[in-house]
Amino acid sequence: MERTLSIIKPDATSRNITGKVNAMIEEAGLRIVAQKRLQLTAAQAEEFYAEHKDKAFFTSMIEQMISAPVVVQILEADNAIALYRKIMGATNPAIAEEGTIRKTFALSIDKNTVHGSDSPESAKREINFFFSNIEIVG
């Protein structure tokens, strides 16, 4: 079994569609083994997204991520990273495949509803950023 981090972003939590997003996640065969809702501070968001610090979109991404609560969760399945990235869809919802989370719910390339780890290394780092072992109950 593989694990990946999922973040349901502020654009989704503020529209009260967390349950709809989670339904798509579970229907895709991913199991939620840890979950919590929290409000990121600017410092936390900047630390989490530090690899993007020099990119033009960094400031707007941080502002978006602290604009409302997020739901962070650990998903588990065989090939969880690839499976979740497939069900998330392309970052730009205009070109995302039908039936993906972003095609269904994202408002824009910036308000794209979800985040998911892109590799086993980032999954481990991202999971450890938000969760302790005692919180993982799968």
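Visitor: What volume does the largest pocket have?

Guide: This is a predicted model, in which local features need pLDDT of at least 70 and side-chain atom pairs count only at pLDDT 80 or more, whereas totals for chains, interfaces and linings use all residues. Residues are numbered from 1 along each chain as its sequence is written, and side-chain values use heavy atoms, leaving out hydrogens and water. On a 1 Å grid over the protein atoms alone, a pocket is an open set of points where a 1.4 Å probe fits, with protein on both sides within 12 Å along at least five of seven lines; lining residues have an atom within 4 Å of a point. With volume taken as the space filled by probe spheres set on the points, joined across faces, edges and corners, the largest pocket has about 530 Å³.

Visitor: Which helix gives the most to the lining of the largest pocket?

Guide: Helices (H or I, at least four residues) and strands (E, at least two) are DSSP runs, numbered from the N terminus. Among the elements that each supply at least two lining residues are α5 (80-88) and α7 (120-130). The most, four residues, comes from α4.

Visitor: In what order do the four strands of the open sheet lie?

Guide: Two strands pair if DSSP finds at least two bridges between them. β1 (residues 2-8) and β3 (residues 70-77) pair in the antiparallel sense over seven bridges. The pairing in the open sheet is antiparallel, and the order is β2-β3-β1-β4.

Visitor: Which residue of β3 is the bridge partner of Thr 4?

Guide: The seven bridges mentioned above join β1 and β3. In β3, the partner of Thr 4 is Leu 75.
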